[in-house]
Amino acid sequence: TLPLLFLNLGGEMLYILDQRLRAQSIPGEKARKDEWTDVDRKRVMNDIITTMFNKKFMEELFKPQELYSKKALRTVYDRLAHASIMRLNQASMDKLYDLMTMAFKYQVLLCPRPKDILLVTFNHLDAIKDFIRDSPGILNQVDETVRQLIETYSCLSAGEFQLIRQTLLIFFQDMHIRVSIFLKDKVQNSNGRFVLPISGPVPWGTEVPGLIRVFNHNGDEVKRTEFTTGGNYVTPQREGSFDLYGDRVLKLGTNMYSVSRPVETHMSGSSKNLASHAKENIVPNPLAKEELNFLARLLGGLEVKKPGGSETGFRLNLFTTDEEEEHAALTRPEELSYKVINIEATQEPARRAELSRILGELEVAEPRPASSGKGEDLLALMDGL
């Protein structure tokens, strides 16, 4: 499940960043030194995509392994979002992650059949390739990931895809953050829960409901009965392409920010209450050190680019104004905020000392089974990137 979760959330992150960078960009000849230009936007997108699709990182991602805890995955995206000259403060990073998770949760819920999650992933990767179409080297990195997806998932059964879908839905369970786009389109209720349609195309390979057929012991059809359904169903014209290039047919996972729409989130009262009831245990988990060690090796490959010389990092605000961003930072429930852990992964002794120091502060949401050791040696390769 991990590669599909990471790639789809990463795709949503790139959609949002591209939309906000375009909204805040100033023509190059008019921009001050501290203002965004289209050149800066392309640089940020290229840097993040290059880091995200690093060959060794992708090799590690596709190794069979447990799904990360929510906080561990969030930490990876914190590092990834800052892999260029762009800087996000805590409130904007919270908002970015909220938008990413709710968008992909909605896509998983709407998938006509579990296997279509792979088509959603291809839609994200196709859009990412469009972002870097002028950079053949980076484009090749993304194409290589698509090939890995095809190789890894093309042989899975429908039952295995159903297990993947269930795992994703368990990951998103109890996340009910209100998003303005979904609220305006009336696909999300005021309590943050999604409204699922009862009409539309049925999954590929299935028939439109409304007919009952009865067969005898020889397998011959002996009776037909029609009934009225509660929805308006249609048969899909064709199946989406699972190849490197092709028509995916399914529109889930495409860029919903491609038209000019405000990017906003609202915390509903019910979401805050749910978060309070689901507050994570602050007692250090006995498996926390193992997860930290695992995460530190992985993050060693996600280098945060520090502006060189006199160059300063550009700050991106996902809110309409700085005042809104400051207000969100002050009013956000403490249990929904994340502590960003900066791990120095260049030297083993220093890393161990840092892990030991922060071990008592780490809150782990879900206990993970003891590691089998598979993949840990390969994770160590990330330190050399």
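1. Burial and surface. In this predicted model, 46% of the 385 residues of the protein chain count as buried. The chain exposes about 19,500 Å², and carbon and sulfur atoms supply 52% of that area.

2. Secondary structure and contact range. When contacts between residues at least 6 apart in sequence are considered, 79% of them join residues that are at least 24 apart.

3. The largest nonpolar core. This core has 77 residues, and those with the most contacts inside it are Phe 6, Tyr 77 and Phe 182. Helix α1, which covers residues 2–24, contributes twelve residues to this core, and that is the largest share.

4. Surroundings of Phe 6. Once the neighbours within four places in sequence are left aside, Phe 6 is in contact with Met 52, Phe 57, Met 58 and Leu 61, and also with Val 76, Tyr 77 and Leu 80. Of these partners, Tyr 77 is itself named, together with Phe 6, among the residues with the most contacts inside the core.

5. A nonpolar patch on the surface. Ile 212, Val 214, Val 222 and Phe 227 together form a nonpolar patch on the surface, with about 330 Å² of accessible area between them. One member, Val 222, lies in strand β5, which runs over residues 221–226. Val 222 counts as exposed because its relative accessible area is 53%, and the cut-off for that class is over 50%.

How values were computed
Residues are numbered from 1 along each chain as its sequence is written. This is a predicted model: local features need pLDDT of at least 70, side-chain atom pairs count only at pLDDT 80 or more; totals for chains, interfaces and linings use all residues. Side-chain values use heavy atoms; hydrogens and water are left out. Patches are made of residues with over 30% relative accessible area and no salt bridge: like charges are joined within 9 Å, nonpolar side chains (Val, Leu, Ile, Met, Phe, Trp, Tyr) within 5 Å. Accessible areas come from the Shrake-Rupley method with a 1.4 Å probe; for residues, only the protein chains shown count as cover. A salt bridge is a side-chain nitrogen of Lys or Arg within 4 Å of a carboxyl oxygen of Asp or Glu. Helices (H or I, at least four residues) and strands (E, at least two) are DSSP runs, numbered from the N terminus. Buried means under 20% relative accessible area, exposed over 50%, partly exposed in between (1.4 Å probe, protein chains only). Contact means heavy atoms within 4.5 Å. A nonpolar core is a set of buried Ala, Val, Leu, Ile, Met, Phe, Trp, Tyr and Cys residues joined through side-chain atoms within 4.5 Å.
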